Amino acid sequence: MDKKLRTKDKILQASIELFNQQGERQVTTNHIAAHLGISPGNLYYHFRNKEDIVRHIFKEYAKLLDNRIQPPSRASEALDALAQYLDVVFELMWRFHFFYANLPDILARDEALQQDYLLVQKGVLNKVISVLQALKQAEVIAIDEQDIPTFAHTIKLVVTFWISYLKTQAPHAAIDQQQAYQGVLKVLLLFKPYATHQAMPRIQKLQQHYQHLAGQLMLN
């Protein structure tokens, strides 16, 4: 049993690596098996096909997302919760960037995966709404209550399609981690019009932190 689990995990990790490097559409189960030095039959013992591998990868991604994104327990922790959300989402975006790079196509080929994706994203949206409500309560942002769900959707739009946007700008260029963090800066910019006067220095400090991670010059 332990050996089977180890092989299965190796297949998943190799698949993520190859999908990220070459694009999910370009990689076949034969490529994955060859990369690991195992027979295609050994791979099929663990997974029925490539779609089955992608589903298992998504389950791992969804589990990490659910475990690591938590709404703040107190309003005073709201800005920390926002930073945690940004850290987790963009770290996972980088770790599984093949999925974001070709999201509509991957989901269009697997109806069951699309339903799972929509369910997971509904949960993520609710957590983002909770973070925004806590930020409002803590007077970090000033926003009408009825605008919070739309603002949460806007944040998710930027997060979800940032990698796809990068690919449209340079289809054949490899995406690096610094480019992923540039997406964090785009999200933070959305907050600045809503930031209260007393919270603006803290928002700017977060901005400087992510500028450093994105490889950009620090603001004065």
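Mentor: Start with the lining of the largest pocket, where helix α1 gives the most, with four residues. Treat what follows as a predicted model: local features need pLDDT of at least 70, side-chain atom pairs count only at pLDDT 80 or more, and totals for chains, interfaces and linings use all residues. Residues are numbered from 1 along each chain as its sequence is written, and side-chain values use heavy atoms, without hydrogens or water.

The elements giving two or more residues to this lining are α1 (2–22) and α6 (97–101). The pocket holds about 440 Å³ of space. Its lining counts 19 residues, and the closest to the centre are N20, Q22, G23, K167 and P171. By class, the lining has eight nonpolar, eight polar and three charged residues. (Ala, Val, Leu, Ile, Met, Phe, Trp, Tyr, Cys and Pro are nonpolar; Asp, Glu, Lys and Arg are charged; the others, Gly among them, are polar.) A pocket is an open set of points on a 1 Å grid over the protein atoms alone, with protein on both sides within 12 Å along at least five of seven lines; a cavity is a set where a 1.4 Å probe fits but cannot get out; lining residues have an atom within 4 Å of a point. Points join across faces, edges and corners, and volume is the space filled by probe spheres set on them.

Now the setting. The chain has eleven helices and zero strands. (Both are DSSP runs numbered from the N terminus: helices H or I, at least four residues; strands E, at least two.) The C-alpha trace spans about 60 × 35 × 30 Å along its principal axes.

Next, the second largest pocket. It holds about 190 Å³. Its lining draws two or more residues from each of α7 (103–108), α8 (111–137) and α9 (148–169). Here α9 gives the most, with five residues. The lining is L103, P104, L107, Y117, L118, Q121, L125, H153, K156, L157, T160 and F161. By class, that lining has eight nonpolar, three polar and one charged residues.

The loop between α8 and α9 holds E139. The phi of E139 is near 60°, a positive value in a residue other than glycine. Check that spot on your display.

The structure holds three cavities of 30 Å³ or more. The largest cavity has a volume of about 90 Å³. Y61, L65, Y85, V89, Y100, Y117, Q121, V124, K156, V159 and T160 line the largest cavity. Among them, Y117, Q121, K156 and T160 also line the second largest pocket. Helices α4, α5, α8 and α9 each give two or more residues to the cavity lining. By class, the cavity lining has eight nonpolar, two polar and one charged residues.

That brings us to α5 and its packing. The axes of α4 and α5 come within 10 Å and cross at roughly 170°. The two helices are therefore roughly antiparallel. (Axes are lines fitted to C-alpha atoms over the stretch in contact, with angles of 0 to 180 degrees between N-to-C directions; under 35 is roughly parallel, over 145 roughly antiparallel, 65 to 115 roughly perpendicular, the rest oblique.) From α4, the contact uses Y61, L64, L65 and R68; from α5, it uses Q84, V88, V89, E91, L92 and R95. (Contact means heavy atoms within 4.5 Å.) By class, this contact has six nonpolar, one polar and three charged residues. Y61, L65 and V89 turn up in the lining of the largest cavity as well.

Turn to α10 (177–191). It packs with α5 at an angle of about 145°, with the axes 9 Å apart. On α5, the contact residues are L82, L86, F90 and W94; on α10, they are Q177, A180, G183, V184, V187, L188 and F191. Nine are nonpolar, two are polar and none is charged.

Finish with α11 (200–213). The axes of α5 (78–95) and α11 come within 12 Å and cross at roughly 20°. They are therefore roughly parallel to each other. L79, A83, L86 and D87 of α5 meet R202, I203, L206 and Y210 of α11. The contact has six nonpolar, no polar and two charged residues. L86 also belongs to the contact of α5 with α10.
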